[in-house]
Amino acid sequence: MKFRHFLALMCCCTLTFSSCKSQPKKVDLKTSKDSVSYCLGVWAANSFKQTFKEIDPAIFAAAMDAVYKNEGVKIDQTASMAFLDTYVKGVQEKAAGENIAVGQKFLADNAKKEGIQVLPSGVQYRVITMGTGAKPIGSDKVKVHYEGKLTDGTVFDSSIRRGEPVEFPLDGVIKGWTDALQNMPMGSKWELFIPSDLAYGANPPQGSNIQPNAVLIFEVELLEIVK
């Protein structure tokens, strides 16, 4: 992902870093402005640290101060964008390579656990509830409840938490889902462990916290084959 695209999502929340150089550890949030500033600071820090794990807040603040005070900067915006594009690309490529090995080990270990079964495609699953209805085919539209997690347990999407099941054509989702759901009788609830090449591979959705080449875990309940 180009850094300028990442920055476009984050630019509205980075302003609060400009005060972090001198901000005391204890902060009094007396006004709405104080609270908004603090909340944006938390948001910015949590967002940036996913990609920029070694950022120096003091240097970040110094650059912010220089720009807002119209003082000279050591690296202009054009050169900064070029540098950060290259940096982010390198971080992502490194993570993608590491995640392949991590994912392979996770799946190898997971396959040894009690109750885990493996489809020919490589999708692993654990039956929570086995339904007795018909199985969908690739051209069907289905209605499901689901929750998606990373291998560390972080939930990245959940119709269950939203309280609204979703409908979608079975041939319009990631390959791991298409394969697994065609093996699920209606009324079933399975836990799926999907290899990265049957999920999003090296190109996860922008704005998500799914890393390139990540193994994904889904709890899926097949509610209906929509006619």
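Lys105 and Asp109 are 4 residues apart in helix H4 (residues 77–110), so about one helical turn separates them. Helices (H or I, at least four residues) and strands (E, at least two) are DSSP runs, numbered from the N terminus. The side chains of Lys105 and Asp109 meet in a salt bridge, with 2.8 Å from N to O. A salt bridge here is a side-chain nitrogen of Lys or Arg within 4 Å of a carboxyl oxygen of Asp or Glu. Lys105 is exposed, at 55% relative accessible area, and Asp109 is partly exposed, at 34%. In these terms, buried means under 20% relative accessible area, exposed means over 50%, and partly exposed lies in between (1.4 Å probe, protein chains only).

The model is predicted: local features need pLDDT of at least 70, side-chain atom pairs count only at pLDDT 80 or more, and totals for chains, interfaces and linings use all residues. Residues are numbered from 1 along each chain as its sequence is written, and side-chain values use heavy atoms, with hydrogens and water left out.

By the salt-bridge rule the count comes to 5. One of them joins Arg126 to Glu191, the closest N and O atoms being 2.9 Å apart. This pair links distant parts of the chain, since Arg126 is in strand E2 (residues 124–129) and Glu191 is in strand E6, 65 residues apart. Arg126 counts as partly exposed at 31% relative accessibility, whereas Glu191 counts as buried at 13%. Another salt bridge is formed by the side chains of Lys141 and Glu167, at 3.7 Å from N to O. This pair also links distant parts of the chain: Lys141 belongs to strand E3 and Glu167 to strand E5 (residues 166–169), 26 residues apart. Lys141 is partly exposed, with a relative accessible area of 36%, and Glu167 is partly exposed at 42%.

Strand E6 also takes part in strand pairing. Two strands pair if DSSP finds at least two bridges between them. E2 and E6 pair in the antiparallel sense over 5 bridges, and Tyr125 stands opposite Leu192 in E6. E6 and E7 run antiparallel and are joined by 6 bridges; the bridge partner of Glu191 in E7 is Glu219. Because 5 of the 6 residues of E6 are buried, this strand is largely enclosed by the rest of the structure.

The loop between strand E6 (189–194) and strand E7 (216–226) holds Ser196. Ser196 counts as buried, at 15% relative accessibility. Leaving aside neighbours within four places in sequence, Ser196 is in contact (heavy atoms within 4.5 Å) with Gly201, Asn213, Ala214 and Val215.

A further antiparallel pair is made by strand E3 (residues 141–150) and strand E4 (residues 155–158), over 3 bridges. Gly148 has Asp157 in E4 as its bridge partner. E3 and E4 form a hairpin with 4 residues between them, and Gly153 in the turn has a positive phi of about 95°. Phe156 is found in strand E4. In space, Phe156 and Ile210 are 7.6 Å apart, C-alpha to C-alpha, although 54 residues apart in sequence. Apart from neighbours within four places in sequence, the contacts of Phe156 include Gly148, Leu150, Ile210, Leu216 and Phe218.

The next topic is the nonpolar interior. In soluble globular proteins, nonpolar side chains tend to be buried together. A nonpolar core is defined as a set of buried Ala, Val, Leu, Ile, Met, Phe, Trp, Tyr and Cys residues joined through side-chain atoms within 4.5 Å. The largest such core has 25 residues, and those with the most contacts inside it are Val144, Trp177, Leu181, Leu192, Ile194, Phe218 and Val220. E3, helix H6 (175–181), E6 and E7 each supply at least two residues of this core. Not counting residues up to four places away in sequence, Val144 touches several others, among them Phe168, Trp177, Leu181 and Val220. A second, separate core of 6 residues includes Ala44, Phe48, Phe52 and Val88.

Tyr38 lies in helix H2 (residues 32–51) and is partly exposed, with a relative accessible area of 40%.
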